[in-house]
Each structure stands twice: as structure tokens, then as C-alpha cells.
Amino acid sequence: MSHVYCDVYVHLIWRTKYNRRILEGTLEKFVHQRIGEIGAEFRVDLMAVNSAWDHVHSLFRWNTEYGIGEVVKRLKGDTSTEWNEMVRGSGLEIPLLSWQRGYGSLSIDRSRIDQIIGYIAKQKSHHRNRTHIPSLEKSTP
């Protein structure tokens, strides 16, 4: 639709399978990069992305063309499939990537965007220091 105004912000959270603490280094960088690329394919604007070892946070400015579940399915599916294909062919002992079922999706008021971006940017610090906000960490019911 050419005449649609949409001002919707979505905070997404999902976890590694069995809460494995594997999101660091090359794997973490790969996941973050692919989240941005896949988001661009769906024309949802990535505003922030970060991880805390066993889960990922991202903030997108959404559009009305695609459903949240449709995009998350691709985000999770493509990141794990592509990573695992690279690892299997490398001969290196690098962990494979699997995601838990489900995800968390929180609508964010425009007035809280800077707060959420700051929260996402400091994920490891929040979890290390136990200053994380439980309501912003829900990845499954």
C-alpha cells in the first residue's frame, strides 16, 4: 500500500537451544550481521542488536507488510542453517547453532526507544551485574 503510515517498534528476544552460552566471538558477530541483512530484506529497520551468551535482543522499526512471526522464522532459521553449513564444512571445532522454540515480541513506545537501545547495547553487563530487566527478557511464555 502506498499510503500507509506506520510508527511501530518491536523488541525481539529469543534464546539458544538449552540456553547454551555460545553467542560470542565469530558466531555472535555472524548472527548480528545476518539479523541486519535479513531485516533489510523484509524492510524492517534494525535499530539495535546484541546478545548475552544465550539469547539475542533486537529492536526494529516495523512495517505493515510482514508479520512478526514470518520475519522471526527467517531470522532464526537462516542464521542457524547458514552458520551450521559453514561450521560443518570448516573442519574446526566450533559449536553448531540451534535456537529454542518461540520468541518474545514486545511493542515499544516511541518515547522509550533510546532506553531500549541502551539496554540492548549493555546486555552482557546487565546479565553479569544482575541489572537486567525481567520484563524486557521474556523470550517465551
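A salt bridge is a side-chain nitrogen of Lys or Arg within 4 Å of a carboxyl oxygen of Asp or Glu. The exercises below apply this cut-off to a predicted model.

**Exercise 1.** Determine which parts of the chain the side chains of Glu41 and Arg74 tie together.

*Solution.* The side chains of Glu41 and Arg74 approach to 2.6 Å, N to O, and form a salt bridge. Glu41 belongs to helix H1 and Arg74 to helix H2, so this pair links parts that are 33 residues apart in sequence. Glu41 has a relative accessible area of 43% and is partly exposed; Arg74, at 28%, is also classed as partly exposed.

**Exercise 2.** Decide whether Asp54 and Arg15 are buried or exposed, and locate their salt bridge.

*Solution.* Buried means under 20% relative accessible area. Asp54 has 10% and is therefore buried; Arg15 has 18% and is therefore buried. Their side chains meet in a salt bridge at 3.1 Å, N to O. Asp54 lies in the loop between strands S2 and S3, and Arg15 in strand S1, so the pair connects parts that are 39 residues apart in sequence.

Terms used:
Residues are numbered from 1 along each chain as its sequence is written. This is a predicted model: local features need pLDDT of at least 70, side-chain atom pairs count only at pLDDT 80 or more; totals for chains, interfaces and linings use all residues. Side-chain values use heavy atoms; hydrogens and water are left out. Helices (H or I, at least four residues) and strands (E, at least two) are DSSP runs, numbered from the N terminus. Buried means under 20% relative accessible area, exposed over 50%, partly exposed in between (1.4 Å probe, protein chains only).
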